[in-house]
Amino acid sequence: MPEGDVLLSNAEGTIRAHGPAVLVCDCPGDGLDLAVRRVAAFALTASLIVVGIVAARAAPFPIVFIAATWTAGATAALVFVRRRRRLHGLFRLDFERAEIVQEGRGFRRIFPVQAIARVSTPPALDVEEVDEPGLAPRWLLLHLSTGEQLRLGKAPAYALGPALAFLRRAGVEA
């Protein structure tokens, strides 16, 4: 498969046009995912150790509540990251085949192109204030009629312009 025309390329991902009807977006979003999984693994391991110490009667029983709190927090964080992971991945928007294919870590989903409700570029909330308002990062979000959102890329508004123009030519409302 040819590389295609690069519409966006930065540390957050890549957007390429493969001809006039195919857009390939790679938005991994792995930074937070990796950190949360490591901290959660530590918390769950520490919880097991604490429960083992209490079971051996080397510590008083109320300490189990600390382990339970760590376990609940780690589980909640892992659920949050799993839901967030559904927003990211490798997306192939094929307007000729009328399908959107999302491939992420451990899953693959296919949506019909007719499920696209609109596209938007809201500000990325996970960044600090930027001196120049036009340079503040924004998400390129694809809103589906099912209520789901897909993050296609992240960049300043001016850098998202070519991808937005491609989507408008394909008939996607802004």
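Strands β7 and β8 (residues 137–144) pair in the antiparallel sense over 4 bridges; two strands count as paired if DSSP finds at least two bridges between them. Helices (H or I, at least four residues) and strands (E, at least two) are DSSP runs, numbered from the N terminus. The model is predicted, so local features need pLDDT of at least 70 and side-chain atom pairs count only at pLDDT 80 or more, while totals for chains, interfaces and linings use all residues. Residues are numbered from 1 along each chain as its sequence is written, and side-chain values use heavy atoms, with hydrogens and water left out.

The pairing of β7 with β8 belongs to an open sheet of 3 strands, ordered β7-β8-β9 with antiparallel pairing. At the edges stand β7 (116–120) and β9 (149–156), each of which pairs on one side only. From one strand to the next, the twist averages 15 degrees. Within the sheet, Ser120 stands opposite Leu141 in β8. In general, strands of a sheet pair through backbone hydrogen bonds, either parallel or antiparallel. Helix α3 (residues 157–169) lies across β7, β8 and β9 and runs at about 135 degrees to β9. Axes here are lines fitted to C-alpha atoms, for helices over the stretch in contact, and angles run from 0 to 180 degrees between N-to-C directions. Contact means heavy atoms within 4.5 Å.

**The cysteines**

The structure holds 0 disulfides, a disulfide being a pair of cysteine sulfur atoms within 2.5 Å. Cys25 is in no disulfide, and the nearest cysteine sulfur, that of Cys27, is 8.5 Å away. The table gives the accessibility of both residues, where buried means under 20% relative accessible area, exposed over 50%, and partly exposed in between (1.4 Å probe, protein chains only).

| Residue | Relative accessibility | Class |
|---|---|---|
| Cys25 | 0% | buried |
| Cys27 | 1% | buried |

**Thr71**

Thr71 is placed in helix α2 (residues 64–85). With a relative accessible area of 30%, Thr71 is partly exposed. Leaving aside neighbours within four places in sequence, Thr71 is in contact with Leu44 and Ser47. The side chains of Thr71 and Ser47 also make a polar contact (3.3 Å). Such a contact is a pair of N or O atoms within 3.5 Å; within protein, one must be able to donate a hydrogen and the other to accept it, and residues adjacent in sequence count only if both atoms are side-chain atoms. The C-alpha atoms of Thr71 and Ala46 are separated by 9.1 Å, and these residues are 25 residues apart along the chain.
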